[in-house]
Amino acid sequence: MPLTESLESDTLRDLGVRVDADGGEVRVFSANADAIELCLFDEKDPTWVAERVPLVRGEDAVWSARSPLLTAGRRYSLRANGPESPGNRFDPELHLIDPYARGLTRTGSGDWRATVVDDHFDWGGIQKPETPLDKTVIYETHARGLTKLNPAVPQELRGTYAGLAHESTIAYLKDLGVTALELLPVHQFVTEQRLVKLGLSNYWGYNTLNFFTPHAAWASARAQAEGPAAVLREFKGMVRILHEAGLEVILDVVYNHTAEEGIGGPTTSLRGLDNATYYRQNADGEYVDYTGCGNTLNTSTTAAQRLVLDSLRYWANEVQVDGFRFDLAVALARNAHGEFDPAHPLLTAIRDDPALAGVKLIAEPWDVGHDGWKTGGFPDGWLEWNDRFRDQSRDFWLGDIAHARAHGEAPLGIGRATTRFSGSDDMFATKRGPLASVNFITAHDGFTLFDLTAYNEKHNQGNGEDNRDGTDNNRSFNHGVEGPTDDPDVTTARRKAVRNLLATLLLAAGTPMLTAGDELGRTQRGNNNAYCHDDELSWLPWNLQDWQRDLQAITRSLLRLRSENPALRPVRFGSWGETVPNATQMDWYNASGEAMTIEDWDSPAQRTLQYLAASTSEVEEFNRVLVVVQGLEREQEVRLPAHEGVESYTLLFDSALDIIETATYAPGDTATIAPTSLQLFRAG
């Protein structure tokens, strides 16, 4: 059977090791090897091979072997040989990792050995929370960095999977109001050779060694000492406890490339087994790199597609995670010609696989290859990071204001920003709806929210690349001073800008993603690419100043307001002239309380608007809110709109204030709106 014929070939199922009463069987794919050997290591000496067993090639280029020694706890490797070609250079002396290994052990010399694990786990009847998408609030965080400095977590659990599941961590997250943790990569990864030479380490984890094994370094010291089975149990235990608390777990997964890097990189697994099948290459055997990391997984082949799909099934079912965020997802959806295909068989298989039913699927909709920006281009069933929301929100509250200070007027009107507030219907105006837009202002990659307001330039000197790494397109504004300052006018303006950005994120239509620490005013001192800093630069601070506690309270209030007002979180886009269930009807007004005109939308001088959002939910109580966006650095008199059925406006939130104060107005009343601020009113 040709490899491209079916992802569901029976012989491509059950790769890796399966243990039974008579030992175990290993199954591995290679279309180009002519010999593969299983090496079983001595239980006490990981350098001594206790048994060698040749694998036999079967259908669909799947090789298999059995051994009574292949039982839980056994370390093993694979060695492959075959004819040399431009696409393959086999080395029969290399001990390779089984791509489907469920556990990994490192030897004293630094080599990795696949390890058979006993993966039995008692889930205690705990089910996945299955949080509806319109009530989902994603909290992007690092499994280590979230708790490493938290004094409420026991010392031995700080910076670990168990620390994430500690009662103090859960209490914090529940009190804040988020519903899902999106963890930076937790598949076993290693540090790139370049960083090792610089004496630095990979902290973020975007350098995957194996797609089935949890990263051991984020487990507790006790679990690490007990071995890979204990690490897996700790990870599953974390998921179970978070689920019991109603919190979902989403994994940031890196299937687009591996830690084998470019041709000169280490050969640890896929390259040694079948380089020509697993990696994208040209006719001369040179890698085609759409990731910027040296190699790209060739998901136009069935074997690579199957590897990704099986890994997802494993984490979603055996480990019970709730969703996946796909790093550089465009690279996964390129066909054999290198072109992005929204109907790519891998995207379709992931979405339609019954074993992945209900799993949240989030694409990072770009890569670094040609024609690699595809925001809005993924198929039904997929959510996407919305970089336009990020960029235009930053422009409105930061870049435009900086420009107005320098030139007297902002460069653009308010029209672009309002498209983002209302769910980005220019990109998701299909049956996917506004929730397909994962809205974010910041992420792990780039400035923190506070640093957006404090730095015009990146300060990445500590990364060992002479400040060349990281983007120069920050869309930030330091408010007149680069970095720390005691100037009260500057600090006041910065903190209000942070509140404006938070309110824009958490009150806009779409699925919000909050970056861990932004609710605390965390800074990375201007470093916008802190991927190699496993230290206090990256870890969350827990020793807070008063203004940081105030910001935390504001974030908590915004999330509560989002939860209480379904008009802020429509499932579908509304339609003029008809009522669409579970949507939001939006009416737009200028500062005079009159319907917005074309001139109002387009004029750079027009930076104040109001929009009345009314829910059409079939499930929840009718709800209507008014949002006022004021982007001028001067007070603005705003006449609240006289809208049919509205009798009053009650102020629920004002970004110009450090605390929440309430006030009630009648339609047609004039309210004095503070410079550069955002207000939320309940319309009664």
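Predicted model: local features only at pLDDT ≥ 70, side-chain atom pairs only at ≥ 80, totals over all residues.
I looked up Leu94 and found it in the loop between strand E7 (75–81) and strand E8 (104–106). Leu94 counts as partly exposed because its relative accessibility is 30%. I then checked its contacts beyond four places in sequence and got Leu78, Arg79 and Thr267. Thr267 sits 173 residues from Leu94 along the chain, yet I get 8.1 Å between the two C-alpha atoms.

Next, salt bridges. My search of the whole structure turned up 35. I picked out a few.

Asp175 and Arg556 meet through their side chains, N to O at 2.8 Å. Asp175 is in helix H2 (residues 167–176) and Arg556 in helix H15 (residues 546–564), so this pair ties together parts 381 residues apart in sequence. I have Asp175 as partly exposed at 42% relative accessibility, and Arg556 as partly exposed at 28%.

Arg351 pairs with Asp352, with 2.9 Å between the closest N and O atoms. Arg351 comes out partly exposed at 33%, and Asp352 is partly exposed at 45%.

Then I went to Asp395 and Arg475, whose side chains form a salt bridge at 2.7 Å, N to O. This pair links distant parts of the chain, 80 residues apart: Asp395 is in helix H10 (residues 387–407), while Arg475 is in the loop between helix H13 (449–452) and helix H14 (488–507). Buried or partly exposed, I wondered, for Asp395? Buried, because its relative accessibility of 11% is under the 20% cut-off. Arg475 is partly exposed at 28%. I followed the shared partners and ended up with one network of Arg390, Asp391, Asp395, Arg416 and Arg475.

Note on methods: Residues numbered from 1 in each chain as written. Heavy atoms only, no water. Helix = DSSP H or I, 4+ residues; strand = E, 2+ residues; numbered from the N terminus. Buried < 20%, exposed > 50% of the residue type's maximum accessible area, 1.4 Å probe, protein only. Contact = heavy atoms within 4.5 Å. Salt bridge = Lys/Arg side-chain N within 4 Å of Asp/Glu carboxyl O.
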